[in-house]
Amino acid sequence: MPIPDTPLNQVRFFDKWTHLAMYAALVLVIVLENAIRQKKKGGLNEKENDSSKCLNEKQNNSSNYLNVPDNEGCSCRAQRLSKHHSSNQDELKTILLTLATACAMGGLIELAQAYLTAGIRSGDWLDFAANAAGAALGAIIAFPLARRITTL
């Protein structure tokens, strides 16, 4: 089936821009959906419990203005920093895994078009490059948004 001729065919590299936009959207949606799920999984009760523990700790250690851990446990600030560092690592792992998966998928699709379609379709390395660039763009946009979602 031939590709229909449209006015958009006159736009230089239109198909490459389409690949870029679609892969950016793919990575962006996957990463943000994961951030929303992680936020829901943590739940409000855990956050409330952490804040009440910190309040109790502050009342018990009111003379300890540096919030240094004592022998009974760690400080509230240390708990928050530890959770923040852990969530950043999780977000980064998710983004890198999503980025690698999207790039691999784009490459496999182009290879399949080149070798498995009996000449009906052709694989294009520029399509693969546009896919990878779009996935990278999606990851760059997603990282600060995912961090914002998980810290709200």
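Reader: What share of the contacts between residues at least 6 apart in sequence joins residues at least 24 apart?

Author: In this predicted model, 74% of the chain's contacts between residues at least 6 apart in sequence join residues at least 24 apart.

Reader: Why is L116 called exposed?

Author: The relative accessible area of L116 is 70%, and because exposed means over 50%, L116 counts as exposed. L116 lies in the loop between α2 and α3 (125–151).

Reader: What makes L108, L111, Y115, L116 and W125 a nonpolar patch on the surface?

Author: A patch takes residues with over 30% relative accessible area and no salt bridge, and its nonpolar side chains are joined within 5 Å; L116, at 70%, is therefore over that cut-off. Together the five named residues, L108, L111, Y115, L116 and W125, have about 680 Å² of accessible area, and the largest share of the patch, three residues, comes from helix α2 (residues 76–115).

Reader: Which residues form the largest nonpolar core, and what makes a set of residues a core?

Author: A core is a set of buried residues of nonpolar kinds, joined through side-chain atoms within 4.5 Å, and the largest one here has 11 residues, including Y23, V27, I95 and A146. The elements that give two or more residues to this core are α1 (14–60), α2 and α3, with the largest share, five residues, coming from α1. A35, another residue of this core, touches A146, I149 and T150, not counting residues up to four places away in sequence.

Key. Residues numbered from 1 in each chain as written. Predicted model: local features only at pLDDT ≥ 70, side-chain atom pairs only at ≥ 80, totals over all residues. Heavy atoms only, no water. Patch = residues over 30% accessible without salt bridge, like charges linked within 9 Å, V, L, I, M, F, W, Y side chains within 5 Å. Areas by Shrake-Rupley, 256 points an atom, 1.4 Å probe, with all protein chains shown as cover. Salt bridge = Lys/Arg side-chain N within 4 Å of Asp/Glu carboxyl O. Helix = DSSP H or I, 4+ residues; strand = E, 2+ residues; numbered from the N terminus. Buried < 20%, exposed > 50% of the residue type's maximum accessible area, 1.4 Å probe, protein only. Contact = heavy atoms within 4.5 Å.
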